[in-house]
Amino acid sequence: MPNLRQQKKRVRITSQERLENLRYASTVKTMTRRLRTAVADGDQEQVAAEHRALVRWIDKAAARGALHRNTAARKKAQAAKLVSGAS
């Protein structure tokens, strides 16, 4: 348990940052699921839109440190593989 004022503030800020990072990671998973569904349906326009949105979101998450850059690159490669298989 923190005793000092700065320590209490640090705990509060860290928990907020953690939730924000979890939101980024969770959204990446959700968008990946949407992409898989679009690929399964076979709608090329929807696949392209979902892929574009997913890649942008992954880049944002990596830029702010919510995802490691190698993890981001891996997820983008997996998404591209999904899309190329759909065409």
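Start by selecting Glu-20: with a relative accessibility of 28%, this residue counts as partly exposed. Keep in mind as you click around that this is a predicted model.

**Stop 1: Glu-20 and its partner**

Glu-20 and Arg-23 form a salt bridge, with their closest N and O atoms 3.0 Å apart. Both residues sit in helix H1, which runs over residues 5-41, and they are three residues apart, about one turn of the helix. An α-helix has 3.6 residues a turn, so residues three or four places apart point the same way. Arg-23 counts as partly exposed too, at 40% relative accessibility.

**Stop 2: the other salt bridges**

How many salt bridges does a search of the whole structure find? Three. For another one, select Glu-17 and Arg-10, whose closest N and O atoms are 3.7 Å apart. Glu-17 has a relative accessibility of 41%, so it is classed as partly exposed; Arg-10, at 43%, is classed as partly exposed as well.

Now go to Asp-59 and Lys-76, which form a salt bridge with closest N and O atoms at 2.8 Å. This pair ties together distant parts of the chain: Asp-59 belongs to helix H2 and Lys-76 to helix H3 (residues 69-86), and 17 residues separate them. Asp-59 is partly exposed, with a relative accessible area of 36%. For Lys-76 the relative accessible area is 28%, so this residue is partly exposed.

**Stop 3: a charge without a salt bridge**

Select Glu-50, in helix H2 (residues 44-64). Is Glu-50 buried or exposed? Buried, and yet without a salt bridge. The nearest side chain of opposite charge is that of Arg-34, 4.4 Å away.

Which side chain does Glu-50 reach by a polar contact? Show Gln-46: the two side chains are joined by a polar contact of 2.9 Å. Leaving out residues up to four places away in sequence, Glu-50 touches Arg-34, Leu-35 and Ala-38.

**Stop 4**

From Glu-50, hop over to Leu-35. Apart from neighbours within four places in sequence, Leu-35 is in contact with Val-47, Glu-50, His-51, Leu-54, Ala-79, Leu-82 and Val-83. In soluble globular proteins, nonpolar side chains tend to be buried together.

To see that here, select Val-28, Leu-35, Val-47, Leu-54 and Ile-58. Of the 16 residues in the largest nonpolar core, these five touch the most other members. At least two residues of this core come from each of H1, H2 and H3, and H1 gives the largest share, six residues.

**Stop 5: along H1**

For a length check, take the distance between the end C-alpha atoms of H1. The 37 residues should span 54 Å at 1.5 Å a residue, and the end C-alpha atoms are 54 Å apart, so the two agree. After H1 comes Gly-42, with a positive phi near 90°.

Lys-9 is also in H1, and its 37% relative accessibility makes it partly exposed. Draw a line from Lys-9 to Arg-52: these residues are 43 apart in sequence, and their C-alpha atoms are 38 Å apart in space.

**Stop 6: along H2**

Just after H2, look at Gly-65, where phi is positive at about 90°.

Ala-48 counts as partly exposed, given its 34% relative accessibility. Ala-48 and Val-28 lie 20 residues apart in sequence and 16 Å apart in space, C-alpha to C-alpha.

Note on methods
Residues numbered from 1 in each chain as written. Predicted model: local features only at pLDDT ≥ 70, side-chain atom pairs only at ≥ 80, totals over all residues. Heavy atoms only, no water. Helix = DSSP H or I, 4+ residues; strand = E, 2+ residues; numbered from the N terminus. Buried < 20%, exposed > 50% of the residue type's maximum accessible area, 1.4 Å probe, protein only. Lys, Arg positive; Asp, Glu negative; His and termini not counted. Salt bridge = Lys/Arg side-chain N within 4 Å of Asp/Glu carboxyl O. Polar contact = N/O pair within 3.5 Å; in protein donor to acceptor, adjacent residues only side chain to side chain. Contact = heavy atoms within 4.5 Å. Core = buried A, V, L, I, M, F, W, Y, C linked by side-chain atoms within 4.5 Å. Expected span 1.5 Å × (residues − 1).
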